[in-house]
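Here are a few friendly notes to read alongside the model. Take the points one at a time, and keep the 3D view open as you go.

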Amino acid sequence: MNQQSKVAVIGAGVMGEGLISALISSGVNPELITISEKRADRSAELTAKYSIKQAPLAANVAEADALLLVVKPQDMASVLEEIKGSINPTALVITFAAGKSISFISSALSTGNPVVRVMPNTPTLVGAGMAAASVGPGVTAEQKQFVLGFLAATGKVIEVSEDLQDAVTATSGSGPAYFFAFVEAMVAGARELGLSDEDATTLTIQTIVGAAKLLDESGKSATTLRENVTSPNGTTAAALASFGSSDLNSMVAKAMKAARDRSQELA
Ligand SMILES: NC(=O)c1ccc[n+]([C@@H]2O[C@H](COP(=O)([O-])OP(=O)(O)OC[C@H]3O[C@@H](n4cnc5c(N)ncnc54)[C@H](OP(=O)(O)O)[C@@H]3O)[C@@H](O)[C@H]2O)c1
């Protein structure tokens, strides 16, 4: 893989667009990016917006040095069936579909292409994503560097062994929704205490954004930051004691195990 490598993006929906944007910010020339997208209007929108090309699936994968598979998990088998006859046999295949294993992709293709599996999350769309990549057999150091390089442009990236991908799904993949649910609960709580919907929403969102920024930028742990705002017998202590009596930790752990188990089932 080098600056002249051609990249095919298969499926240019929500996540596909985030990845196209990351590819370009990581230095890939837009002229070398070609999308294959079922919806013609979406394809036209993205080719105009990012100055990239579009091509039918078979032609696209025959030319590409790297393929990003960004279709829904339920569409993956038919896409693999459609491309296996024409794929460039040395191309790197990068799959983003939840629950679809490297061995699933490899055996459906039966072409021997190297495969990398990635779990991204939706904050990718604002450059604050968290991605975890698992590298399959035969992936070269250069190919791995390419993947980690463009994923860094989506936010942060780590490498994990593939058996931990269900745990990653339960943590960072589904994780944004946990915080959204918490925000919904806090807004409802603030309204019950008499605040208007608008003020409850502003106070809650700015609080979660500020807390996240402090966690990211202060270099202090969540425990230290929590302790810093908790004076003995104060207001925060009263709220945290209530969380403790509802056993927040085991509630969160139970929810994450449910997400991990569901991810295993879907695979
Ligand atoms: N969004 C997330 O938070 C997130 C997080 C982690 C992982 N992922 C993974 O990312 C993948 C994509 O998710 P998404 O939310 O971006 O889905 P999406 O918005 O539905 O995008 C997928 C796109 O692929 C198109 N498509 C389907 N079959 C195709 C084919 N044979 N050839 C070309 N295009 C085809 C779809 O068109 P139609 O709509 O017409 O079918 C759709 O526009 C999923 O596998 C998901 O598991 C997403």
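1. Which residue in strand 5 is the bridge partner of L67? The partner is V93. Please keep in mind throughout that this is a predicted model.

2. Now widen the view to the two strands themselves. Strand 4 covers residues 66–69 and strand 5 covers residues 92–95. The two run parallel and are joined by 4 bridges. If the idea of pairing is new to you, strands of a sheet pair through backbone hydrogen bonds, in either a parallel or an antiparallel way.

3. On to the helices. Two packed helices are described by the angle between their axes and by the distance between those axes. For helix 1 (residues 14–25) and helix 2 (residues 40–50), the axes come within 12 Å and cross at roughly 20 degrees. An angle under 35 degrees counts as roughly parallel, and these two helices are therefore roughly parallel to each other. The crossing is right-handed. Helix 1 brings V14, E17, I20, S21 and I24 to the contact, while helix 2 brings R42, L46, K49 and Y50. By type, the residues of this contact are 5 nonpolar, 1 polar and 3 charged.

4. The axes of helix 7 (residues 165–173) and helix 12 (residues 248–266) come within 8 Å, crossing at roughly 135 degrees. That makes helix 7 oblique to helix 12. Their crossing is right-handed. On the helix 7 side the contact uses D166, A167, T169, A170 and T171, and on the helix 12 side M256, A259, R260, S263 and Q264. These residues divide into 4 nonpolar, 4 polar and 2 charged.

5. Last, the aromatic rings. The count comes to 2 aromatic pairs. One of them is F146 with F150: the ring centres are 5.5 Å apart and the planes stand at 55 degrees, so the pair is tilted. Why are F146 and F150 separated by about one helical turn? Both belong to helix 6 (residues 141–152), and they are 4 residues apart there.

Methods:
Residues are numbered from 1 along each chain as its sequence is written. This is a predicted model: local features need pLDDT of at least 70, side-chain atom pairs count only at pLDDT 80 or more; totals for chains, interfaces and linings use all residues. Side-chain values use heavy atoms; hydrogens and water are left out. Axes are lines fitted to C-alpha atoms, for helices over the stretch in contact, and angles run from 0 to 180 degrees between N-to-C directions. Angles under 35 degrees count as roughly parallel, over 145 as roughly antiparallel, 65 to 115 as roughly perpendicular and the rest as oblique. A crossing is left-handed if the near helix is turned anticlockwise from the far one by less than a right angle, and right-handed if clockwise. Contact means heavy atoms within 4.5 Å. Ala, Val, Leu, Ile, Met, Phe, Trp, Tyr, Cys and Pro count as nonpolar, Asp, Glu, Lys and Arg as charged, and the others, Gly among them, as polar. Two strands pair if DSSP finds at least two bridges between them. Rings of Phe, Tyr and Trp (its six-membered ring) pair if their centres lie within 6.5 Å; planes under 30 degrees apart count as stacked, over 60 as edge-to-face and the rest as tilted.
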